Amino acid sequence: MVTNGARCVALLLLVCAAARPASAGDGPLLNGNFEYAPDGSQMNGTRVTGPHAIPNWESTGFVEYIDSGTTQGGMVLSVPEGAHAVRLGVDSSVRQHLSVTNGSYYSVTFSAARTCAQSEKLRLSVIPGHDDDAPSELPIQTVYSTSGWDSYSWAFIAAQDGAVTLVIHHADDGVDDPACGPIIDAVAIKTLTIPNPPYSQDRSGGSNNLLRNGGFEEGPYMIPGSAACGVLVPPMDEDAVSPLPGWMVMSYSKAVKYVDVSGTRAVELVAGVEAALVQEVETVPGADCRMEFSVGDAGDGCAAACDDDDANGNGNGMRVTAAAGEASTSVAHCSKGGRWERGVLEFKAVESRTRVVLFSAGYHTRSDGSGTLCGPVVDDVSLGCASSTPPPARRRLLRRR
Ligand SMILES: *[C@@H]1O[C@H](CO)[C@@H](O)[C@H](O)[C@H]1NC(C)=O
Ligand SMILES: *[C@@H]1O[C@H](CO)[C@@H](O)[C@H](O)[C@H]1NC(C)=O
């Protein structure tokens, strides 16, 4: 059976064959898909023994060079891009020098698959980074795709001009098998453009959108042609750099998925109520605000027809909940293909900063029986606020006249 997940992998393979060996600019890192094999004299079996054995990379700890189809511990290892990847054992890393511009924003996209039972965490960092930058931990315990491979994103701001080192580190300890750890492949980079105010809406009219990147047109790198497979945007601390400019993903360990729906970028809410898409904006307390958003589906066979009500009451389609101020609303979507519903939430701003929040009210999997997590897709989020009383500074001016 060819599942959606398998199709995603096949696409990655096709695209890889045509991929340029990118250096500067957006695209795969040098040997980012590990197709250039290590020097055999610096190998012992699958284990990489020399730190500079893999072309363009430096490795530390227990790193293995994996051929697709290799059987290890009774498990056949597959690889998302090309025929090779690396496996990061306990306390191991791969690193590569990148050429960056001070103050610029970059997102890093890579594929990862778990190979061990316990939760696996990857730590991404850039050296040197900002003084207050702690390495970001990306939880990868939830598998979202059928193939077992997921594409993840992470972002950083360059703290200097010139060369920095990107580090992908697997740090879990307390594991008996030092080889135990995730497989990494298809590492790519993209310079992010940070939208400045006024933020116009990306598609449907209105020019006074208070939200940044409300149409999600700016986001992490996607391998061309694989966009339907999506890139996970993991949860992040409030002060972390988001690979989805303007937006935060608030969750304990779950992600949202950055997807391409018929040529437009959008976000698939794949983790139910456990992951929320959040943006904070400045508001005037008491102002009347109107938030609008579109709800659709990624055409990925996400099973949630509105009419075949089942015994569990899951027949109401997918549902996106939006919340802001003290108000919330919920919009249903029946995945019958290609249609978008427009949700509206009117509320009064309570504080000088207001958070708008979007999440999927339910959990969904694809109808192909693969168990792949999916959900409703949101796009074109806008927020406009009108203050009925002029702000204090303006009132003073008016009085003086
Ligand atoms: C290669 O690894 C095996 C198994 O860990 C070890 O016994 C052997 O000594 C290693 N060979 C070299 C040349 O390091
Ligand atoms: C990077 O840019 C910031 C802000 O412009 C500046 O303060 C800092 O000194 C620069 N860092 C380096 C290493 O050039």
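Is strand 14 (residues 162-170) mostly covered or mostly open, and how many of its nine residues are buried? The points below take up this strand, then its neighbours and some separate sites. The model is a predicted one.

1. Strand 14. Seven of the nine residues in strand 14 are buried, and the strand is mostly covered.

2. Pairing with strand 9. Strand 14 runs antiparallel to strand 9 (residues 92-100), and nine bridges join the two. For a place to look, take Val94: its bridge partner in strand 14 is Ile168.

3. Pairing with strand 11. Strand 14 also pairs with strand 11 (residues 121-127). The sense is again antiparallel, and the pairing extends over six bridges. Here Ile127 has Thr165 of strand 14 as its bridge partner.

4. Leu122. This residue belongs to strand 11. Leu122 counts as buried because its relative accessibility is 0%, and the cut-off for buried is under 20%. Its C-alpha atom is 6.8 Å from that of Ile168, although 46 residues separate Leu122 and Ile168 along the chain. Ile168 is the residue already named as the bridge partner of Val94.

5. The Ile127-Pro128 bond. The peptide bond that joins Ile127 and Pro128 is cis, with omega at about -10°. Most peptide bonds are trans. Pro128 sits in the loop between strand 11 and strand 12 (136-139). Ile127 is the residue that bridges to Thr165 in strand 14.

6. Tyr106. Strand 10 (residues 105-113) contains Tyr106. With a relative accessible area of 7%, Tyr106 is buried. Along the chain Tyr106 and Phe156 are 50 residues apart, yet their C-alpha atoms are separated by 5.5 Å.

7. Ligand 2. Which residues are around ligand 2? They are Asn102, Ala159 and Gln160. Asn102 has a side-chain N or O atom 2.3 Å from an oxygen atom of the ligand. From Ala159, a backbone N or O atom lies 3.4 Å from a nitrogen atom of ligand 2. The ligand exposes 360 Å² when taken alone, and the protein buries 24% of that area.

8. The second largest pocket. This pocket holds about 550 Å³ of space. Its lining is made up of 23 residues, and those nearest the centre are Arg212, Gly246, Trp247, Gln279 and Glu280. Two elements give two or more residues to the lining, namely strand 20 (275-282) and strand 25 (353-360). Strand 20 gives the most, with five residues.

9. Asn31 and Ser262. Most residues other than glycine have a negative phi. Asn31 is not a glycine, yet its phi is positive at about 50°. Ser262, also not a glycine, has a positive phi of about 45°. Asn31 is found in the loop between strand 1 (27-28) and strand 2 (43-44), while Ser262 lies in the loop between strand 18 (256-261) and strand 19 (264-268).

10. Cover at these two residues. Is Asn31 buried or exposed? Asn31 is buried, as its relative accessible area is 5%. Ser262 counts as exposed because its relative accessibility is 77%, and the cut-off for exposed is over 50%.

Technical notes: Residues are numbered from 1 along each chain as its sequence is written. Chains are lettered from A and ligands numbered from 1 in the order in which they are written. This is a predicted model: local features need pLDDT of at least 70, side-chain atom pairs count only at pLDDT 80 or more; totals for chains, interfaces and linings use all residues. Side-chain values use heavy atoms; hydrogens and water are left out. A residue is near a molecule or strand if one of its heavy atoms lies within 4 Å of it. A polar contact is a pair of N or O atoms within 3.5 Å; within protein, one must be able to donate a hydrogen and the other to accept it, and residues adjacent in sequence count only if both atoms are side-chain atoms. Accessible areas come from the Shrake-Rupley method with a 1.4 Å probe; for residues, only the protein chains shown count as cover. Buried means under 20% relative accessible area, exposed over 50%, partly exposed in between (1.4 Å probe, protein chains only). Helices (H or I, at least four residues) and strands (E, at least two) are DSSP runs, numbered from the N terminus. Two strands pair if DSSP finds at least two bridges between them. On a 1 Å grid over the protein atoms alone, a cavity is a set of points where a 1.4 Å probe fits but cannot get out, and a pocket is an open set with protein on both sides within 12 Å along at least five of seven lines; lining residues have an atom within 4 Å of a point. Grid points are joined across faces, edges and corners, and a volume is the space filled by probe spheres set on the points.
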